[in-house]
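Thanks for asking me to look this one over. My notes follow as numbered points, to be read alongside the sequence and the coordinates.

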Amino acid sequence: MNLAILIPLVLILALAGMLSKTEYVIEIENVLEAGIRIVSAYTVGRVEETDDTPCIGAYNHNLCELVKNGTNVCASNEFPKGTVLRLVELNMDCIVLDRMNCRYTTGIDLAGLDYQKNIEFGRKGVSVLIK
């Protein structure tokens, strides 16, 4: 949702007593809107989709272990290492711990372990917030 719409809506709800002040101040102060990005998925641990060290990401993290343990890892060339991105329509956050091929400048690639699920995910236009 656009912050220009969200801020007045939150203020109205707060004035009506439906939100506490701390609830909305924290969220608004810590979130920036990045806009719509194309999101896809790739399979960590698969040489055909990565490189000759398929579990090791661009920043030397073991992405296979992180994903296996439930961390939502994503690759992006646009956002710095460690950036937490909120993928609104997917109702999830991911942390940037990998890079994509240099020809992809604004996309986001979600790291996953299941090749078939990643293929089925396809490519989606998703609203992205920077947390």
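1. Cys74 stands opposite Val96 in strand E4. The two strands involved are E2 (residues 73–76) and E4, which pair in the parallel sense over three bridges; two strands count as paired if DSSP finds at least two bridges between them. Helices (H or I, at least four residues) and strands (E, at least two) are DSSP runs, numbered from the N terminus.

2. A word on the basis of these notes: this is a predicted model, in which local features need pLDDT of at least 70 and side-chain atom pairs count only at pLDDT 80 or more, while totals for chains, interfaces and linings use all residues. Residues are numbered from 1 along each chain as its sequence is written, and side-chain values use heavy atoms, with hydrogens and water left out.

3. Strand E4 (residues 92–98) is mostly covered, with five of its seven residues buried; buried means under 20% relative accessible area, exposed over 50%, and partly exposed in between (1.4 Å probe, protein chains only).

4. With strand E5 (residues 108–112), E1 pairs in the parallel sense over five bridges.

5. Which residues touch the most other members of the largest nonpolar core? Among its 15 residues, they are Val39, Cys74, Leu85, Leu87, Ile108 and Leu110. E1, E3, E4, E5 and E6 each supply at least two residues of this core. A second, separate core of 10 residues includes Tyr42, Ala75, Leu97 and Met100. Here a nonpolar core is a set of buried Ala, Val, Leu, Ile, Met, Phe, Trp, Tyr and Cys residues joined through side-chain atoms within 4.5 Å. In soluble globular proteins, nonpolar side chains tend to be buried together.

6. Beyond its neighbours within four places in sequence, Leu110 is in contact (heavy atoms within 4.5 Å) with residues including Val39, Tyr42, Cys74, Leu87, Met92, Cys94 and Phe121.

7. A polar atom of the Arg37 side chain lies 2.8 Å from the backbone oxygen of Ala34. Setting aside residues up to four places away in sequence, Arg37 touches Glu78, Phe79, Thr106, Ile108, Lys124, Gly125, Val126 and Val128.

8. Asn118 lies in helix H4 (residues 115–121) and is buried, with a relative accessible area of 11%. Apart from residues up to four places away in sequence, Asn118 touches Ala41, Tyr42, Thr43, Gly112 and Leu113.

9. Finally, the whole chain. There are four helices and six strands, running α-α-β-α-β-β-β-β-α-β from the N terminus. Of the 131 residues, 33% count as buried. Residues 24 or more positions apart account for 62% of the contacts with a separation of 6 or more.

Notes: Polar contact = N/O pair within 3.5 Å; in protein donor to acceptor, adjacent residues only side chain to side chain.
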